[in-house]
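Have the structure open as you read.

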Amino acid sequence: MRPDATGRPPQRPPEPEGPNPPDSGRPTLPESAGELETARILIVDDTPATARLLERMLQRGGFEHVKSTTNPLDVEALYDAFAPDLILLDLHMPELDGFGVMQRLAQRGDGTVDVPIIMLTADATTEAKQRALAGGANDFLLKPLDHVEVLLRIRNLLETRMLHLQLREHNRTLEQRVRARTRALDAARLEVLHRLGRAAEYRDDETGQHTRRVGHLAGLLAEHLELPADDVERIRQAAPLHDLGKIGISDTILLKPGPLTDEELQTMRTHTAIGAGILAGSGIPLLTLARDIARRHHERWDGTGYPDGLAGDEIPLAARIVAVADVFDALSHDRPYRAAWAIDDVIAYMRSESGRHFDPDVIRAFERVEPQARRVAATV
Amino acid sequence: MISEETIKRGTVLLVDDEAASVRMLSRMLDRAGYGNVHGTTEPARVPEVFREVRPDLIILDLHMPGMDGFEVMEQLEADIPEDVYLPILVLTADPAPEVKRRALLAGAKDFLTKPIDNFEFMLRLWNLLEARFLYLRLAQHLDS
């Protein structure tokens, strides 16, 4: 219900005196709980006298916003402009009868009019009442109109509408609260993931810059591959965990300042399986994606990668993206076993590996983001 | 927002001094699928029965010897706080506007004229119970 702009206190009707209170000619009804009198009521009756009579009844009953029309063809426009809380609708009208009006209103939007409708009819047969209700009316009033009955039906339906609106508002608030809580939970989950990523890289990437840059570049690539926004965001968040498995590799291998022996290399390669193992078995899509990336980011497009030698589309797309981001970032920065390459050399190498190490589609995306990639590479 | 199932689970209390009338209304409700219907022919016992069955809606005959519907509503005032939506539907054979007005002032939400038209009875019942359950749901929301 619309708030009472005037802020006036509710007016209590006078208490009846004795068993038969004098009839003042003014219909009085007990005050209702809310500010029902501020409700907007639309009267539709082709007989001007009836429309006027109803208008007067409602105004005397305390309703402040009453509009009437004798032309049923105006109802749709009035429905939009006046935004009624309730409609009093005559059933028998030439051109367009009450059923026709309800049909037109019902055809709009979601198919149901959630503004209550009271049908006005002289036809007291059950069949007529049933038809009116089946057509979308919530109640009916029989002509000749009884003013007590008119105000009472209106009040009851407005009360129901008010409760509906309040409940809807509460549900909305509740949903907002749930959404805010979900966001907070997601943020907390992400933060833990980021810190987990940092922990994994701490020994050879103290500042966590590598993992962050890989996440950033992987996100850019996903964006330029025109993946849905949700997937892009997930790849951005999951990519930094690609080397999580390094947590299980000893310092002597991980930090060795020179080439690894074959045996050391085999051990080093187990970081894909270790990472996937840590991330496995989760129902959270982000972690499942992170698991795929951890396990598959050293697979190569031509099938010569590890751990399983998967090729082409067998490798999850997210892992193909991270492979590009990871190699690009590794080559353009110093490593314990070699110095950084010149950026032009790195880019030339990435291109030359299209269709060999890398998915050609991802390299095409990489070429489109080259300026940004250069900037990412230039950051420490 | 309120399902038919919920509405038909509503607890209805019938108050009419004529046993035949209570029986007839009970039958109408039963046929319509309302499963929680209680009736009494003793208006003086209404507060007691009210506390026992905790109705969602009261159907009250206005004209009863001994204690009429107006007095019953007065008696119930203590049990129905002002901010609680517990509708009372009154039955009357007298369609005079003054009677209706008095009943509404006494706390009734709506009325039905005897002899009772089944269709109108069901409609009033439905509309009032819908409002009752909306009110209950809202109250629950505000509590939590």
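Helix α12 of chain A covers residues 317–331, 15 residues in all. From first C-alpha to last, α12(A) reaches 22 Å, close to the 21 Å expected at 1.5 Å a residue, where the expected span is 1.5 Å times one less than the number of residues. Helices here are DSSP runs (H or I, at least four residues), strands likewise (E, at least two), numbered from the N terminus. Of the 15 residues of α12(A), 14 are buried, so the rest of the structure largely encloses this helix. Buried means under 20% relative accessible area, exposed over 50%, and partly exposed in between (1.4 Å probe, protein chains only).

A word on the ground rules: this is a predicted model, with local features needing pLDDT of at least 70 and side-chain atom pairs pLDDT 80 or more, while totals for chains, interfaces and linings use all residues. Residues are numbered from 1 along each chain as its sequence is written, chains are lettered from A and ligands numbered from 1 in written order, and side-chain values use heavy atoms, leaving out hydrogens and water.

Most residues other than glycine have a negative phi, and most peptide bonds are trans. These spots go the other way:

| Site | Feature | Value |
|---|---|---|
| A:Lys143 and A:Pro144 | cis peptide bond | omega about 0 degrees |
| B:Lys114 and B:Pro115 | cis peptide bond | omega about -5 degrees |
| A:Glu95 | positive phi | near 70 degrees |
| B:Arg54 | positive phi | about 45 degrees |

A:Pro144 sits in the loop between β5 and α5 of chain A, and B:Pro115 in the loop between β5 and α6 of chain B. A:Glu95, in the loop between β3 and α3 of chain A, is exposed at 72% relative accessibility. B:Arg54, between α3 and β3 of chain B, is partly exposed at 48%.

What about enclosed space? A search of the whole structure finds three cavities of 30 Å³ or more. A cavity is a set of points on a 1 Å grid over the protein atoms alone where a 1.4 Å probe fits but cannot get out, and lining residues have an atom within 4 Å of a point.

The largest cavity has a volume of about 60 Å³. Its lining includes A:Asp139, A:Arg153, B:Asp110 and B:Arg124, and α5(A) gives the most, with four residues.

How values were computed: 1 Å grid on protein atoms, 1.4 Å probe; cavity = no way out; pocket = protein on both sides within 12 Å on 5 of 7 lines; lining within 4 Å. Points joined across faces, edges and corners; volume = space filled by probe spheres on them.
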